[in-house]
Amino acid sequence: YGNPYFGNVSGGDRPFWVGGGDRSLLYLFDIKGKKRWGFETELCIFKDFNIDWGFFTRKLRFTEPDYKIYGDRLYLNGYNIRPDMWVPMKVVKASGIFFGINLKTGEELWRLKEPADGYDPAFYSIIYDNFIDEICYLYSTEASLYAVDMKKGTFIWEFKMKGNGTEGGIFYQKEGFLYSSDSEGYFYKIDTGTGKEIWSVKCDSPVVKIEKSDKDIEKIIYLFSMEKNISALDEEKGTILWQYKSDKVFTAPRLNHISENLIYTYDEGSITVLAGETGKRVWKSDLKKPYPVYFNSDNLCCISDKKTLYSINGRTGKIIWSHKTAEDITDTVMIKNTFYIMDKMNVYAVDGTSGKEYWKKTDFPEPIYLKKYEPVSDPYSIMNSGKIKNEDTFIFIGGKKGYLCINSAEHVIVSEKVFEDEFVRAVGDSEHVYLVSTKRIFAFNIKTGKEIWNREFQEEIIF
């Protein structure tokens, strides 16, 4: 990202708070580090950003670029950034442009929607599921859903909604239709050929998830809303068969789910399980602010009130064991039936069956599980080389003061290092793992967990 100032590069004449402009650079390198091509645009190509407003400065921190690779093409989403003139300190995305790029040459194949004055809607929540027909679906900052031809870079149709689109609110399409939700709580079934509405229903809040039961033979679809409702609908007609409203707001609305025709819900006061056919309650366990972290057909584990991990029988609701931490839990991971629990200052290893604590690492501030790198998959290719399976290798936990390397088979710490640095990522292949911090890279043998080399950089690493 070139110039972190707000500006209008599209020719508009409306005033801005400060001058400047957006600029992004994209490069392709071969395996030997030789640059193949470079692409430059006067747009921001990152999915999102956070702004730290100082008295004289504006610091922007960006997330990963908004792109997708299909075969020999790369699809890139961009926008300009500007402050909203009517709402002080509020920043919106504007001047959205969607690109098609030749992956081999960096040549721009097409540019969807060239803005006239910098105030046109930006695109977001792009869904590329229909890559066989090369059609993608996306929202804009207007209340519209679009279908786009990815070969030509042209709109196929536009569907007007009653509210704005929501992140993750475009759901799977099959048999000529797709589902979509908006910010006003409306849920739509849309004909993908024409962009026309088949039916719509109104929920209490935006729908964040939909599911179907594996045992369902009557074409019932279940809608999970953001706040309190779960609805069962006739998929063909859109009529509501039954509706459940929780006593309190859901604590993890996207993690409510269905398994073997039982619906598991988590609100601020309980875990409640419903029968998929009727919506009637099967069992209820009173836990404060439960948040699920692991589930199979017989067992579910959840965090309650930030400091206690519970293991619960998924069929009866009976508590099997519980483990309380000293500080608020920040992360958990289950590997080979061992829970690694991280709170603000400690790391715990706990047996998944009995809840027995194997060990506890104290005075380890801000621990985080360092997830291994998995390459972005190309749906045209069945290969996914370099993937590391967590259950087959060592795991790494980083923190403010260093790292832990743990043998997942024996659930023991095999190596550790203490220093003032913060790890941000773990990448690797079938033989090595590289831990990346703000200014250091460490290389480890994946089979032994031993450090091979480390290197310190003078400037902060962008990885």
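Modeller: A residue is termed buried under 20% relative accessible area, exposed over 50%, and partly exposed in between. With a relative accessibility of 32%, Arg111 is therefore partly exposed. The model is a predicted one, and what follows should be read accordingly.

Arg111 is paired with Glu108 in a salt bridge, in which the closest N and O atoms lie 3.1 Å apart. Glu108 has a relative accessible area of 30%, so this residue too is classed as partly exposed. In general terms, side chains of opposite charge can pair when their charged atoms come close. The structure as a whole contains eleven salt bridges, and two further examples deserve attention.

The salt bridge of Lys219 is made with Glu236, and the closest N and O atoms are 3.2 Å apart. This pair connects distant parts of the chain, its members being 17 residues apart. Lys219 belongs to the loop between strand E17 (207-211) and strand E18 (220-225), while Glu236 belongs to the loop between strand E19 (229-234) and strand E20 (240-245). Lys219 is partly exposed because its relative accessible area is 40%; for Glu236 the value is 45%, which means that this residue is partly exposed as well.

Arg315 forms a salt bridge with Asp298, with 3.1 Å between the closest N and O atoms. Here again distant parts of the chain are linked, the two residues being 17 residues apart. Arg315 sits in the loop between strand E27 (308-313) and strand E28 (319-324), and Asp298 in the loop between strand E25 (290-295) and strand E26 (299-304). The relative accessibility of Arg315 is 42%, so Arg315 is counted as partly exposed. Asp298, with a relative accessible area of 45%, is likewise partly exposed. Through salt bridges that share partners, Glu260, Asp298 and Arg315 are joined into one network.

Some lysines belong to another arrangement. Lys248, Lys288, Lys289 and Lys306 come together on the surface in a patch of positive charge. Of these, Lys248 is located in the loop between E20 and E21 and is partly exposed because its relative accessibility is 45%. Lys306 lies in the loop between E26 and E27. At 52% relative accessibility, Lys306 exceeds the 50% limit and is therefore exposed.

Asn256 is placed in the loop between E20 and strand E21 (257-259), and its relative accessibility is 0%, so Asn256 is buried. Leaving aside residues up to four places away in sequence, Asn256 is in contact with Lys209, Glu211, Phe224, Phe250, Tyr264, Thr265 and Tyr266.

Most residues other than glycine have a negative phi. Lys306, a member of the positive patch, has a positive phi near 75 degrees. His411 also has a positive phi, of about 45 degrees, although this residue is not a glycine. His411 is situated in the loop between strand E35 (402-407) and strand E36 (412-418).

How values were computed: Residues numbered from 1 in each chain as written. Predicted model: local features only at pLDDT ≥ 70, side-chain atom pairs only at ≥ 80, totals over all residues. Heavy atoms only, no water. Salt bridge = Lys/Arg side-chain N within 4 Å of Asp/Glu carboxyl O. Buried < 20%, exposed > 50% of the residue type's maximum accessible area, 1.4 Å probe, protein only. Helix = DSSP H or I, 4+ residues; strand = E, 2+ residues; numbered from the N terminus. Contact = heavy atoms within 4.5 Å. Patch = residues over 30% accessible without salt bridge, like charges linked within 9 Å, V, L, I, M, F, W, Y side chains within 5 Å. Areas by Shrake-Rupley, 256 points an atom, 1.4 Å probe, with all protein chains shown as cover. Lys, Arg positive; Asp, Glu negative; His and termini not counted. Charge placed at Lys NZ, Arg CZ, Asp CG, Glu CD.
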